[in-house]
Amino acid sequence: MNINLKFLLLGTSLSLIPTLTNAQCVASTDCATLGYTEKSCPDGKGIRCPFGTTFACPMSETKFCDKYDFKYECKGSGYASGGSKTCNGKYNYCTCTESYEWKDEKCQIKSGQCSGYARNCKIADILNSDGSCTSDFVPSKTPIGVVVYISGSSDRCGYAITPNWIAINIPWSTEFANTNTFQITNWKNAIKDFDVSGNMANIIQYAENNHGKEAAKYYPAAYAALNYAPSAAPETKGKWALPTTGILNSLLTNLDDINYTISRLGERQVERREYIWSSNEYSIDGAWLFSIESFGSDQGGIMVLGKNEIHQEGDTSNYSTTNTVRPVLAF
């Protein structure tokens, strides 16, 4: 009886061995590989690794929110709303109001258009690349201009001028033509013009309609402004413009304060014999520019020069008597 039983058991065992050998697989026993990575779980919730002492824990709301970038509160100036879904009280994206844009993971004031943000600024402040104004240099911010004019109207439009010239020894145009910009021969009326975008648009439209791809050759001052953008704000390219005579009159009125700010930035101040082109025509063959010498000091800081002329007098070794372009940016 015993012999038969042993024989049966042995026979059964031998018959199973090949089957088990062919069907076996190698399973991982490494807890971390299997997802058991926590030493413990909050409130004791979780599953312990059967091969060790670590746990797999349910993902907390905070970790879930962080994993899927729900990190924006979407609150403050310039925010219109948050995304369609919220997690732990935060959103995975924000929408900005019309005058703001999404930049560096936050809503920032748009540069290059009147935004009303100028209500937080004053003339001679530094305009930084993030749209903020500061009365002095802030190491964490990058200056792109100096505030030269702020309107007194409810929309509080502001304009900042470059702290250095971007082009020098350059004519207004190389032809005599009426580009349909604000054209005036009386300086008292000329310094009332603040239509920066309108004048610039007229110059560019006329140049391109009449000269196509060679437009910049005929209107170098305007195109120097149009093609300019500081490295800290490349998105502003196409938004810089020649200042109007009204803006230049404000430069004259506040020149000492503006020059003081420019000096703190280590840039070139507006010199007594620097002639800055405006966007205003005087006539078919002349345009207004900034000057605090000659007649300019008695005419709101502006005088007339032929569109294709370069004004020079006296010592020019330091470019102190040549025409320059210092464009402005609306904000």
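**Disulfides, sheets and helices in a predicted model**

Student: What is the torsion about the S-S bond of Cys96 and Cys107, and is that disulfide left-handed or right-handed?
Tutor: The torsion about that bond is about -90 degrees, so the disulfide of Cys96 and Cys107 is left-handed. Cys96 belongs to strand β6 and Cys107 to strand β8 (residues 106–109), so the bond ties together parts that are 11 residues apart in sequence. Bear in mind throughout that this is a predicted model.

Student: How far apart are the sulfur atoms of Cys96 and Cys107? And is Cys107 buried or exposed?
Tutor: The two sulfur atoms lie 2.1 Å apart, and Cys107, with a relative accessible area of 8%, is buried.

Student: How many disulfides are there by the distance rule?
Tutor: With sulfur atoms within 2.5 Å as the criterion, the count comes to five. One of them joins Cys74 to Cys94, with an S to S distance of 1.9 Å, and at -85 degrees about the S-S bond this link is left-handed. The pair connects distant parts of the chain, since Cys74 is in the loop between α2 (61–67) and β3 (79–82) while Cys94 is in strand β6 (residues 94–96), 20 residues apart.

Student: What relative accessibility do Cys74 and Cys94 have?
Tutor: Cys74 has 13% and therefore counts as buried, and Cys94, at 9%, counts as buried too.

Student: Which residue does Cys31 bond to?
Tutor: Cys31 is joined to Cys49, with 2.1 Å from S to S, and the link is left-handed, with -80 degrees about the S-S bond. Here again distant parts of the chain are linked, with Cys31 in the loop between α1 (2–23) and β1 (47–48) and Cys49 in the loop between β1 and β2 (55–56), 18 residues apart. Both Cys31 and Cys49 are buried.

Student: Changing topic, in what order do the strands run in the antiparallel sheet?
Tutor: That open sheet has five strands in the order β10-β9-β11-β12-β18, with antiparallel pairing. Its edge strands are β10 (133–134) and β18 (328–330), each of which pairs on one side only. Within the sheet, β9 (residues 126–128) and β11 (residues 143–150) run antiparallel and are joined by three bridges, and Asn128 has Pro143 in β11 as its bridge partner.

Student: Which helix lies across β9 and β11?
Tutor: Helix α8 (residues 255–264) lies across these two strands, running at about 175 degrees to β11.

Student: Which strands stand at the edges of the mixed sheet?
Tutor: The mixed sheet is also open and has five strands, ordered β13-β17-β14-β15-β16. Its edges are β13 (167–168) and β16 (302–306), and each has a single partner strand, so one side of each is left without a neighbour in the sheet. A parallel pairing is found between β14 (residues 275–281) and β17 (residues 323–325), which two bridges join, and Ile276 stands opposite Thr324 in β17.

Student: How many residues of α7 are buried?
Tutor: Seven of its nine residues are buried, and α7 is thus mostly covered; among the buried ones are Ile247, Leu248 and Leu251. This helix (residues 245–253) lies across β14, β15 (286–290) and β16, running at about 145 degrees to β14.

Definitions and conventions:
Residues are numbered from 1 along each chain as its sequence is written. This is a predicted model: local features need pLDDT of at least 70, side-chain atom pairs count only at pLDDT 80 or more; totals for chains, interfaces and linings use all residues. Side-chain values use heavy atoms; hydrogens and water are left out. Two strands pair if DSSP finds at least two bridges between them. Helices (H or I, at least four residues) and strands (E, at least two) are DSSP runs, numbered from the N terminus. Contact means heavy atoms within 4.5 Å. Axes are lines fitted to C-alpha atoms, for helices over the stretch in contact, and angles run from 0 to 180 degrees between N-to-C directions. Buried means under 20% relative accessible area, exposed over 50%, partly exposed in between (1.4 Å probe, protein chains only).
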